[in-house]
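Subject: Structure handover

Hello,

Here is the structure for you to look over. My notes on what turned up follow below it.

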Amino acid sequence: MSQPSWFDQTPSWVWWSFCPFLGGAAIAYAGVKSGYSIWIGIGAGFVAASIILPSSSFWSLLWFAQIGTAFALKRQYLTRTYPKNLPLPEDPQLFAAIAAGRPKIDINSCSKNDLVNVLGLPIVYANDIDSLRAEGHIFTSLEELHDIFEIPNALLKKIEPIVVFNYDYRQESGYSWKRINSMTTDDLIGLGLEPNVADAIAKERQLHGEFKSVMDIKKRTGIPFSAYRHLT
């Protein structure tokens, strides 16, 4: 079932809310399925009222309130029961609402399938993330994902509610890959790079301009990230 059809559907329990005596039980059922105990109480309240006031002049109002409550809860129910095998929606608000009830995705240990099919990252970014993880890099923040892979900030903002970085460390002032854009070959060697690596990075920068990201360095020089990862 696609994302639009999931949110366009009307669950069967909503239609059961039209039944005078069973409608309240249907709302309580929705509370059980979605994990909202307050819905169970609301449904039980409608059932009790329908038993106590079966012929009351207020019954019509009670019946309409029962139906209105069911339709009012429908979207929240669909959000709460959104299937785990479907990609999270593009809409940021729906994404955040669904993500709130799910386990966090650890960027440093999740599968590529989670990156693509849960977080909704394009496969090119998932491949790049997986590539650097295989070389031993540990990510620490969304900002780092932007700096290294140039992932759009709008996309990172959307996935923020569901991602986590289980390893973190305090960076010293200037402890960033960006210093590579202002260092000479000797400076880079002084920071622990092999002479041939330092020379290749400096020459590529002089010929084609500053590097835009860590992945840009890797793609333009062909040098494995592990050769300069301590500078990032």
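Start with S50, which is found in helix 4 (residues 37-52). Helices here are DSSP runs of H or I with at least four residues, numbered from the N terminus. S50 is buried, with a relative accessible area of 1%. Buried means under 20% relative accessible area, exposed means over 50%, and partly exposed is in between (1.4 Å probe, protein chains only). S50 touches P20, F21, W59 and L62, leaving out residues up to four places away in sequence. A contact means heavy atoms within 4.5 Å.

Two notes on the source. This is a predicted model, in which local features need pLDDT of at least 70 and side-chain atom pairs count only at pLDDT 80 or more, while totals for chains, interfaces and linings use all residues. Residues are numbered from 1 along each chain as its sequence is written, and side-chain values use heavy atoms, with hydrogens and water left out.

Helix 8

Helix 8 covers residues 123-134, 12 residues in total. From first C-alpha to last it reaches 16 Å, close to the 16 Å expected at 1.5 Å a residue. The expected span is 1.5 Å times one less than the number of residues. Its buried residues are Y125, A126, D128, I129, L132 and R133. Seen down the axis of helix 8, these fall within an arc of 165°, so they line one face of the helix. The arc is taken from the directions from the helix axis to the C-beta atoms. The buried residues pack against helix 7 (112-118), helix 9 (142-149) and helix 13. Just after helix 8 comes G136, with a positive phi of about 100°.

Helix 13 and K218

In helix 13, V214, M215, D216, I217 and K218 are buried. These residues pack against helix 8, helix 9 and helix 12 (195-208). G222 follows helix 13, and its phi is positive too, near 75°.

Have a look at K218. This lysine lies in helix 13 (residues 214-221). K218 counts as buried, at 18% relative accessibility. What does its side chain make a polar contact with? The partner is the side chain of S131, at 2.8 Å. A polar contact is a pair of N or O atoms within 3.5 Å; within protein, one must be able to donate a hydrogen and the other to accept it, and residues adjacent in sequence count only if both atoms are side-chain atoms. Beyond four places in sequence, K218 touches S131, L132, E135, I223, F225 and Y228.

Aromatic pairs

The count comes to 10 aromatic pairs. Rings of Phe, Tyr and Trp (its six-membered ring) pair if their centres lie within 6.5 Å; planes under 30 degrees apart count as stacked, over 60 as edge-to-face and the rest as tilted. One of the pairs is W6 with Y82. Their ring centres are 6.3 Å apart and their planes are at 90°, so the pair is edge-to-face. The pair links distant parts of the chain: W6 is in helix 1 (residues 3-8), and Y82 is in the loop between helix 5 (59-80) and helix 6 (92-99), 76 residues apart. W6 is buried at 13%, and Y82 is buried at 4%.

W15 and F71 also form an edge-to-face pair, 5.9 Å centre to centre with 80° between the planes. This pair links distant parts of the chain as well: W15 is in helix 2 (residues 12-16) and F71 in helix 5, 56 residues apart. W15 is partly exposed at 48%, and F71 is partly exposed at 34%. W6, F7 and Y82 form one aromatic cluster.

W63

W63 is in helix 5. It is partly exposed, with a relative accessible area of 26%. Leaving aside neighbours within four places in sequence, W63 is in contact with S17, F18 and P20. W63 and G190 are 127 residues apart in sequence and 79 Å apart in space, C-alpha to C-alpha.

Cysteines and one backbone angle

How many disulfides are there? The count comes to 0, where a disulfide is a pair of cysteine sulfur atoms within 2.5 Å. C19 is partly exposed at 24%. C110 is buried at 9%.

Last, E150. Its phi is near 60°, a positive value in a residue other than glycine. Most residues other than glycine have a negative phi. E150 sits in the loop between helix 9 and helix 10 (153-159), and is partly exposed at 39% relative accessibility.

Best wishes

Conventions:
Helices (H or I, at least four residues) and strands (E, at least two) are DSSP runs, numbered from the N terminus.
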